[in-house]
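Subject: Predicted model, handed over with notes

Hello,

Here is the structure we talked about. Please look through it with the notes that follow.

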Amino acid sequence: MNTYQAKIGYARTSTVDQNLDAQIAALKAAGCGMVRTEQKSGATLDGRPELKTILDFIHPGETLVVTRIDRLARLMQDLQTIVARLKEKGAHLAATEQPVDTSTAAGKAFFDMLGVFAEFETNLRRERQAEGIKVAKRKGVYRGRPPKIDMAAIQTKLGAGLSPTEIAREMGISRGTVYKAKAEMLTSNEITEVPTA
């Protein structure tokens, strides 16, 4: 790890329920004079102001230090974007728990390999999740996310004579959703009506 220049630590967890203390302690032990923290998903670089601040203000010769590279990003493309930004500024990346130090050829090569495996792991997790959902749907136990829109409320408003445009505007939904509720209402009315002979 580059020991002669300033080190800036970056600690991240995906949610506010997770604790940053171990990462912060490891980064301070590695000689980081400043540690910036975030509790945001690593799935994207968007919406991570602390990381953006580091990348915007890091100086030549300084090193961004993380405990593991998955603290920076989950996708190889995002990791490469970060390293390219650091390289443009003459800065480096190092990890305390992995032999990653982009100021050396071996550290850069190991970083690339870790990034590939991190992305592979993410893709495997997505595949397993999709397979699990597929099996649950076949068994009839998968219901998906609960609906956020109250179709009964839409149907009540339709029954009261409000137009789809008025309902959409009032409820902050699309007219297509109102028409879907109307179609469901008409279908259920057809089913409940018993023909008389």
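Which residues of strand β3 (residues 63-66) point one way, and which the other way? Thr-63 and Val-65 point one way, Leu-64 and Val-66 point the other way, and all are buried. Buried here means under 20% relative accessible area, exposed means over 50%, and partly exposed is in between, with a 1.4 Å probe and protein chains only. Helices (H or I, at least four residues) and strands (E, at least two) are DSSP runs, numbered from the N terminus.

Some ground rules. This is a predicted model, in which local features need pLDDT of at least 70 and side-chain atom pairs count only at pLDDT 80 or more, while totals for chains, interfaces and linings use all residues. Residues are numbered from 1 along each chain as its sequence is written, and side-chain values use heavy atoms, with hydrogens and water left out.

The record

The UniProt entry, which is unreviewed, carries the annotation "domain: Resolvase/invertase-type recombinase catalytic" over residues 6-140. UniProt positions are given in the numbering used here, feature names are shortened, and annotations may be inferred rather than shown by experiment. In the model, residues 6-140 are 49% helix and 16% strand, and the end C-alpha atoms of the span lie 57 Å apart.

The strands

Strand β1 (residues 7-13) pairs with β3 in the parallel sense over 3 bridges; two strands pair if DSSP finds at least two bridges between them. Lys-7 stands opposite Thr-63 in β3, and the bridge partner of Ile-8 in β3 is Leu-64. β1 is also joined to strand β2 (residues 34-39) by 6 bridges, and these two strands run parallel. In that pairing, Thr-13 stands opposite Gln-39 of β2. Between β1 and β2 the chain crosses through helix α1 (residues 21-29), and this β-α-β crossover is right-handed. Right-handed means that, with the strands pointing away from the viewer, the path from the first strand over the helix to the second runs clockwise.

On the other pairing of β3, 4 bridges connect it to β4 in the parallel sense. Val-66 has Ala-95 in β4 as its bridge partner. The chain gets from β3 to β4 through α3, and this β-α-β crossover is right-handed.

β1 and β4 are covered on both faces. In β1, Lys-7, Gly-9, Ala-11 and Thr-13 lie on one side and Ile-8, Tyr-10 and Arg-12 on the other, all buried. In β4, His-92 and Ala-94 take one side and Leu-93 and Ala-95 the other, and these are all buried.

Leaving aside neighbours within four places in sequence, the contacts of Thr-13 (heavy atoms within 4.5 Å) include Gln-18, Leu-20, Glu-38 and Arg-71.

Ser-103 sits in the loop between β4 and α4. Ser-103 is partly exposed, because its relative accessible area is 35%. The side chains of Ser-103 and Asp-101 make a polar contact of 2.6 Å. Ser-103 and Thr-63 are 40 residues apart along the chain, yet their C-alpha atoms are separated by 8.8 Å.

Helix α4

Helix α4 (residues 105-139) has 35 residues and reaches 52 Å from its first C-alpha to its last, close to the expected 51 Å. The expected span is 1.5 Å times one less than the number of residues. Its buried residues are Gly-107, Phe-111, Leu-114, Gly-115, Ala-118, Thr-122 and Ala-136. An α-helix has 3.6 residues a turn, so residues three or four places apart point the same way. The cover over the buried residues of α4 includes α3 (76-88) and β4 (92-95).

Phe-111 in α4 is buried because its relative accessibility is 0%. Not counting residues up to four places away in sequence, Phe-111 touches Ile-69, Leu-79, Val-83, Leu-93 and Val-100. Just after α4, Gly-140 takes a positive phi of about 80°.

Regards

Note on methods. A polar contact is a pair of N or O atoms within 3.5 Å; within protein, one must be able to donate a hydrogen and the other to accept it, and residues adjacent in sequence count only if both atoms are side-chain atoms.
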